Amino acid sequence: VQLQASGGGLAQAGGSLRLSCAVSGSVFSINAMGWYRQAPGKQRELVATITSGHSTNYADSVKGRFIISRDNAKNTVYLQMNSLKPEDTAVYYCNAVLVLGDPLLSYSYWGQGTLVTVSS
């Protein structure tokens, strides 16, 4: 089981990027999914989360600019990032709480990280 993130890159301030993260492998179910980011010299911080029922939560710094969504049929979570700012520059990590194994237990899995760079 692994999480594969994609979609990072370079954008200008005010621009947009869309991140994707797909869960591959055999899982019983996927609970919450989310995106976190880590800027150089800073701790990893929450960006946004979404439950299996599509309830969302956002960091104050991205509210109104970023949109998290998921496609349960594809086991994929997305992060649409609009009105990007230079302070959004960071490595973005996806996270998913997966239910798997015998007995069924919940595990937190992380993707490999994708770099987002926003130029001013």
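## Loops, strands and a buried arginine

His-54 has a relative accessibility of 42%, so this residue counts as partly exposed (buried would be under 20% relative accessible area and exposed over 50%, with partly exposed in between, using a 1.4 Å probe and protein chains only). This is a predicted model, where local features need pLDDT of at least 70 and side-chain atom pairs count only at pLDDT 80 or more, while totals for chains, interfaces and linings use all residues. Residues are numbered from 1 along each chain as its sequence is written, and side-chain values use heavy atoms, with hydrogens and water left out.

Back to His-54: its phi is near 75 degrees, a positive value in a residue other than glycine. His-54 sits in the loop between strand 5 (45-50) and strand 6 (56-58). Strands here are DSSP runs of E with at least two residues, numbered from the N terminus.

Ser-83 is another non-glycine residue with a positive phi, near 50 degrees. You'll find Ser-83 in the loop between strand 8 (76-81) and strand 9, and with a relative accessible area of 40% Ser-83 is partly exposed.

Now for strand 9 itself. Nine of its 11 residues are buried, so the strand is mostly covered. Two strands pair if DSSP finds at least two bridges between them, and the table lists some of the pairings.

| Strands | Bridges | Direction |
|---|---|---|
| Strand 4 (residues 29-38) and strand 9 | eight bridges | antiparallel |
| Strand 9 and strand 10 | six bridges | antiparallel |
| Strand 9 and strand 11 (residues 114-119) | three bridges | antiparallel |
| Strand 7 and strand 8 | six bridges | antiparallel |

To put residues on those pairings: Met-33 faces Ala-96 of strand 9, Val-99 stands opposite Ser-106 in strand 10, and Tyr-92 has Thr-114 of strand 11 as its bridge partner.

The hairpin of strand 9 and strand 10 has four residues between the strands, and there Gly-101 takes a positive phi near 90 degrees. A cis peptide bond joins Asp-102 and Pro-103, with omega at about 5 degrees. Pro-103 belongs to the loop between strand 9 (90-100) and strand 10 (105-110).

Elsewhere, four strands form an open sheet in the order 1-3-8-7, with antiparallel pairing. Strand 1 (2-6) and strand 7 (66-71) each have a single partner strand and stand at the edges, so one side of each is left without a neighbour in the sheet. Neighbouring strands in this sheet are turned by 15 degrees against each other on average, direction ignored (the axes are lines fitted to C-alpha atoms).

What is the nearest side chain of opposite charge to Arg-70? That would be Asp-71, 8.2 Å away, and Arg-70 is buried yet has no salt bridge (a side-chain nitrogen of Lys or Arg within 4 Å of a carboxyl oxygen of Asp or Glu). For charge, Lys and Arg count as positive, Asp and Glu as negative, and His and the chain ends are not counted.

The Arg-70 side chain does make a polar contact with the side chain of Asn-72 at 2.7 Å, and reaches the backbone oxygen of Ile-30 at 3.3 Å. A polar contact is a pair of N or O atoms within 3.5 Å; within protein, one must be able to donate a hydrogen and the other to accept it, and residues adjacent in sequence count only if both atoms are side-chain atoms. Not counting residues up to four places away in sequence, Arg-70 touches several others, including Met-33, Ile-50, His-54 and Tyr-78 (contact means heavy atoms within 4.5 Å).

Technical notes
Axes are lines fitted to C-alpha atoms, for helices over the stretch in contact, and angles run from 0 to 180 degrees between N-to-C directions.
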